[in-house]
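Trainee: I'd like to learn how to read the contact between two chains. Can you walk me through it?

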2 protein chains.
Amino acid sequence: MNKIEETWNRINTHKGVEGIIIIDSMGSAIKTTMDQNKTIEYGSLVNQFCEKAILCIKSLHEEEEIVFIRIRSQNKNEIMIAPTEDYTLIVVQNPSEEAS
Amino acid sequence: MNKIEETWNRINTHKGVEGIIIIDSMGSAIKTTMDQNKTIEYGSLVNQFCEKAILCIKSLHEEEEIVFIRIRSQNKNEIMIAPTEDYTLIVVQNPSEEAS
């Protein structure tokens, strides 16, 4: 199994992980554990979201790049986003729940 | 000094904090330690950003509300956002730097 598959499986079996998506720079999904509708919806929202976040950081420090975004909700649902130039990893989890 | 002023000063003197802004639900600044241009720019970007983030969370769990967003950049600059229905607190910091 290659490194990517290993990492993918490690994240996917981590406690409380509800879904993982990898999107390209256009927001289109390359790999996902979520259903198609949710994947498309998420991909596009997170893509737009990252664009705004990058503008935010660059208005602070021109040379900066974002490495991590965490969104936490009232009932402990979390969306974690790791953007790179070509791909963005999105992990949806609820740490308080047992592994699915 | 009232509770809000106390909290404001406590955050403002915290190590590495570069700026604090409170915006209303339209993105207009109510209180800020940053210069006017940066405040206006930030207020609008973070407001758009929060709207996308809320859509993200609600597409996952309809009844959910966001309580915290953290954006971390390569050189450890951080934007922390605490949105509520009426106001959003934005703190810009670089934990690795000494208090300004």
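Mentor: On chain A's side, A:Lys52, A:Cys56 and A:Leu60 supply 18% of the area buried against chain B, more than any other three residues. Keep in mind that this is a predicted model, where local features need pLDDT of at least 70, side-chain atom pairs count only at pLDDT 80 or more, and totals for chains, interfaces and linings use all residues. Residues are numbered from 1 along each chain as its sequence is written, chains are lettered from A in the order in which they are written, and side-chain values use heavy atoms, with hydrogens and water left out.

Trainee: How many residues does the contact take from each chain?

Mentor: Contact means heavy atoms within 4.5 Å. By that rule, chain A gives 34 residues and chain B gives 34 residues.

Trainee: And how many salt bridges are there between chain A and chain B?

Mentor: A salt bridge needs a side-chain nitrogen of Lys or Arg within 4 Å of a carboxyl oxygen of Asp or Glu. The count between these two chains is zero.

Trainee: Which strands pair across the two chains?

Mentor: Strands are DSSP runs (E, at least two residues), numbered from the N terminus, and two of them pair if DSSP finds at least two bridges between them. S3(A) and strand S3 (residues 66-73) of chain B pair in the antiparallel sense over seven bridges. Look for A:Arg70: its bridge partner in S3(B) is B:Arg70.

Methods: Buried area is the accessible area (1.4 Å probe) that two parts lose on being put together, summed over both. Helices (H or I, at least four residues) and strands (E, at least two) are DSSP runs, numbered from the N terminus.
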